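Here is a short note on the model, written to be read next to the coordinates. Please keep both chains in view.

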Amino acid sequence: MSAAATYDLGKLHGGLRLPSEKEVSTTEKILHAPIPDQLVLPLTQHVGNPSQPIIGIGERVLKGQLIANTDGSLGAPIHAPSSGKIVAIEPWPVSRRNGETAPCIIIECDGNDQAIETAEIIVDYTKLDPDSLLHKIMQGGIVGLGGAVFPTAQKLMQAITAPLEHLILNGIECEPYISCDDMLMREYAADVIQGAQILMHALSLSQCHVAVESDKPEALIALGEALAQIDEPRIVLKQVPSIYPSGGEDQLVQLVTNKEVPSGGLPTDVGCVVQNVGTAAAINRWVCHGEPLISRVTTITGHGVAKPVNVLARIGTTIADIVTLAGGYTEHARQLIIGGPMTGRSVSTDRVPLVKASNCVLVLADEITQGNERPCIRCGECAEVCPIQLLPQQLYWFACADNEAKLRKFGLIDCIECGCCDLVCPSHIPLTADFRMAKGRMRELADEKARAERAKQRFETRNLRIRQEQEQRDKELANQKETARLFATSKIKAIVDRARKKSTDDQDEEQ
Amino acid sequence: MEFNRRDAPFVTPATNVQSIMLQVLYALIPAALAYVWYFGPGLILNFIVAAIFCAAGEAAMLHIRGKSVETGLTDFSALVTAALLAFALPALTPWWVTATAALFGVVVAKHLYGGLGFNIFNPAMAGYVVAMVSFPMHMNLWTAPRMGDLDYHYMTILESARYMLTGTFPDYLSFDAISRATPLDTVKAGLRNLQTFEEIRVNSVMGDFGGRGWEWIGNYIAMGGAWLLMRKIIRWQIPFGVLAGLLIPSAILYFLEPGIHASPGFFMFSGGTMLCAFFIATDPVSAATSNKGRLIYGFGVGFLIFAIRTWGSYADGVAFAILMMNMSVPAIDYLTKPHIVGHDRGPKGLS
């Protein structure tokens with residue numbers, strides 16, 4: 001099984017060979033984090049709408065118990081990662097793009113880790129039809145663990161409506177420092193492979209590629225052994241070269257199938273479903289062992305922590321607690337990043353909790369120099385490395401000029417914000433940040449346009465209504481006038497007639 | 001613990017503009033030494049004068065425009081402009097001609113268009129053309145190549161400086177003793193006088209392929225260019241395009257009618273061909289931006305050089321070729337937009 005095919009890079013444009021920085025965190029086995037005193041669970045840990053708490057403050061919960069459910073729209077349920085008492089549902093610092101805090105359920109752990117009865121939850125998935133299996137996956141709170149945290153069940157439900165050819169398990173961790181998937185594949189290879197089998201059953205596919213970078217030989221061997229043990233010829237290991245960002249969903253599809261995912265489309269448009277290896281393992285833990293997504297492997301690394309390591313920690317553990325497991329901060333710790341150095345998000349406090357999306361806690365030692373931006377000299381290095389084959393140097397011009405039409409034409413919305421252009425820019429322009437901002441402005445503009453359009457329509461409808469009402473009124477008035485006129489004439493006539501009659505009668509009387 | 005926030009990516013870029021500009025300057029050093037060996041120290045003096053005026057112009061404009069003078073000067077782009085001007089101007093050029101070229105290039109062509117990164121025209125070439133069109137009589141003093149003739153005199157640095165500052169020679173030197181027509185002029189005049197290219201080649205200013213001395217300077221420039229290519233400071237598309245644009249038409253004409261056309265080797269190793277291919281046309285600011293666009297841009301520059309040298313009234317056409325292609329850049333960029341991944345590969349049309 002070690003003879004995994006390698007893909008040539010011709011199929012992917014640009015990209016960067018980055019220093020891996022992964023060795024430091026892969027020397028030790030995955031550390032199993034102890035139960036913390038407190039767990040902080042944001043109600044939004046996925047793409048979609050926030051989950052709704054279904055427990056009250058003061059209530060006791062058990063490990064694995066459902067504590068927040070979806071409102072039926074896009075989202076994923078949340079389970080208690082350990083037993084304890086709900087002490088609050090309140091805003092807490094989190095790592096997210098908009099805003100510093102978000103509503104969280106806070107559990108005070110009792111340390112017993114008492115689990116909810118699971119006997120009834122575990123079923124033989126092979127006896128389930130795909131729809132019931134997907135429904136089952138939905139209940140496990142499983143979301144994409146590669147970073148996008150799209151609710152897995154909903155992704156799969158969308159996928160089965162399309163003609164599918166490939167299931168690809170993404171075992172590529174192309175960002176420097178991060179090694180959680182590598183360690184997961186080494187130590188939980190069987191979970192990954194069984195997860196792949198469940199996914200194949202759910203999607204009615206009889207073929208699965210597991211793509212792993214060639215710089216992860218241990219993971220490849222572990223997966224190969226797991227495959228050999230269960231004799232599963234439908235699952236094929238694929239070795240891909242390690243180049244950033246080959247682990248991006250669309251980039252991986254391009255690498256494996258040589259097909260481009262259409263702009264604004266999904267991998268299913270070219271017959272592919274991509275799932276992260278961690279997601280596959282989580283599906284297996286839930287479907288075959290009854291354990292919902294309440295913990296994950298995460299990498300704690302960087303020169304700002306004493307002992308970089310991978311930990312299996314409960315969702316909701318605060319970063320401060322997790323960093324303690326890596327020997328605490330060094331005196332050089334300057335920047336705290338959730339995620340990798342290329343696409344991660346820096347946070348201002350280590351009170352933020354580990355969420356389903358957190359694949360890495362990166363503590364950087366040096367202050368990254370900023371603000372010595374120089375003018376763009378159009379050297380084109382950015383275009384050379386762009387995996388989407390955009391022209392960042394041109395986009396930058398148009399972004400500076402707020403030229404929305406050109407930004408659209410030059411594919412700003414296709415930018416995957418991988419950060420490659422930033423790294424090669426000799427002028428040190430924060431291109432990715434600029435593009436992110438320009439995208440935001442474009443969205444705002446589109447929203448504004450839509451709002452204006454709606455307002456205009458409302459206004460026009462109102463005008464039309466008023467005009468119609470006025471016309472109606474005018475017509476009625478005219479009718480009334482006409483009736484009145486007719487009535488009046490007939491009435492006058494009657495009076496005149498009566499008067500005449502009366503006068504003749506009087507005359508008659510006189511006579 | 002509390003931390004500072006900023007945007008991803010959290011990696012400092014490996015290169016910077018300053019080091020790119022400095023490497024371009026370093027790459028010119030071998031050629032500069034060869035130049036001084038063959039044609040005298042005028043190049044150095046030219047560079048000093050050009051550097052002073054480029055830097056002064058740059059600083060003044062940055063100040064007027066309310067930009068940081070320090071940041072602007074330390075990108076060394078003004079020095080690159082000065083170096084290119086020094087190579088483009090004759091070894092003996094009055095200081096005020098050099099100053100005019102430098103100031104026009106930096107003040108008008110660069111800063112009035114928005115400064116580094118926004119200039120449509122290559123500042124060095126714009127300045128050179130203004131000087132050439134304005135002061136043609138003061139830009140024809142090309143020194144004789146070393147070891148060309150018996151009455152050869154190597155200009156010392158003092159003699160060169162004296163001419164540049166005062167426009168006069170010491171009594172023991174005459175204009176005719178030290179100056180020669182350039183190889184390009186020689187060939188142009190010769191072909192016009194119905195000499196064959198082979199007959200012209202016996203002239204003492206001619207070398208094995210191009211002009212005597214010039215061909216060696218060309219070699220060293222190409223070496224510097226190769227180093228820049230290796231360091232990925234420049235990409236191959238533009239130099240390849242320029243040389244192809246020059247060599248293909250000249251080879252066709254030379255092989256059809258060898259007597260009345262200069263050889264492709266001569267085109268390649270004379271005048272500013274190599275400097276243009278590796279150092280001038282590769283100025284990223286004023287060149288096309290996509291790889292395909294750069295190939296087209298380079299080819300256009302090469303072909304225009306060939307056309308001007310063959311049919312035009314100027315001996316060398318580098319500066320005009322560059323400026324003309326600078327003007328075509330928006331159109332080239334528009335027509336060579338690369339395919340965006342995930343978009344239809346439909347026929348490209350004007351819209």
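Predicted model: local features only at pLDDT ≥ 70, side-chain atom pairs only at ≥ 80, totals over all residues.

1. Extent of the interface. On the chain B side, 46 residues are in contact with chain A. They meet 62 residues of chain A. The two chains bury about 4800 Å² between them. Carbon and sulfur atoms account for 52% of that area. Within chain B, the residues that lose the most area to chain A are B:Phe3, B:Arg5 and B:Phe10. Together they make up 16% of what that side buries.

2. Polar links across the interface. Between chain B and chain A, 28 residue pairs are in polar contact. Three helices of chain B each supply at least two residues of the side that touches chain A: helix 1 (17-27), helix 16 (291-311) and helix 17 (318-335). By class, that side of chain B has 20 nonpolar, 15 polar and 11 charged residues.

3. Salt bridges between the chains. Five are found across the interface of chain B and chain A. A:Glu381 pairs with B:Arg235, with the closest N and O atoms 2.7 Å apart. A network of salt bridges also links A:Glu417, A:Arg436, A:Lys439 and B:Asp7. Over all chains the count is 26 salt bridges.

4. A:Arg441 and A:Asp402. What do these two side chains form? They meet in a salt bridge, at 2.9 Å from N to O. A:Arg441 lies in helix 13 (residues 431-510) of chain A, while A:Asp402 lies in the loop between helix 10 (392-400) and helix 11 (404-409), so the pair ties together parts that are 39 residues apart in sequence. A:Arg441 is partly exposed, at 31% relative accessibility. A:Asp402 is partly exposed too, at 47%.

5. A:Arg465 and A:Glu469. This salt bridge has an N to O distance of 3.9 Å. The cut-off is 4 Å, so the pair counts. Both residues sit in helix 13 of chain A; they are four residues apart, and therefore separated by about one helical turn. A:Arg465 is partly exposed at 45% relative accessibility. A:Glu469 is partly exposed at 38%.

6. A:Lys127 and A:Asp124. Their side chains meet in a salt bridge at 3.1 Å, N to O. Is A:Lys127 buried or exposed? A:Lys127 is exposed, with a relative accessible area of 70%. A:Asp124 is partly exposed, at 37%.

Technical notes. Residues numbered from 1 in each chain as written. Chains lettered and ligands numbered in written order. Heavy atoms only, no water. Contact = heavy atoms within 4.5 Å. Buried area = accessible area lost by both parts, 1.4 Å probe. Polar contact = N/O pair within 3.5 Å; in protein donor to acceptor, adjacent residues only side chain to side chain. Nonpolar A, V, L, I, M, F, W, Y, C, P; charged D, E, K, R; others polar. Buried < 20%, exposed > 50% of the residue type's maximum accessible area, 1.4 Å probe, protein only.
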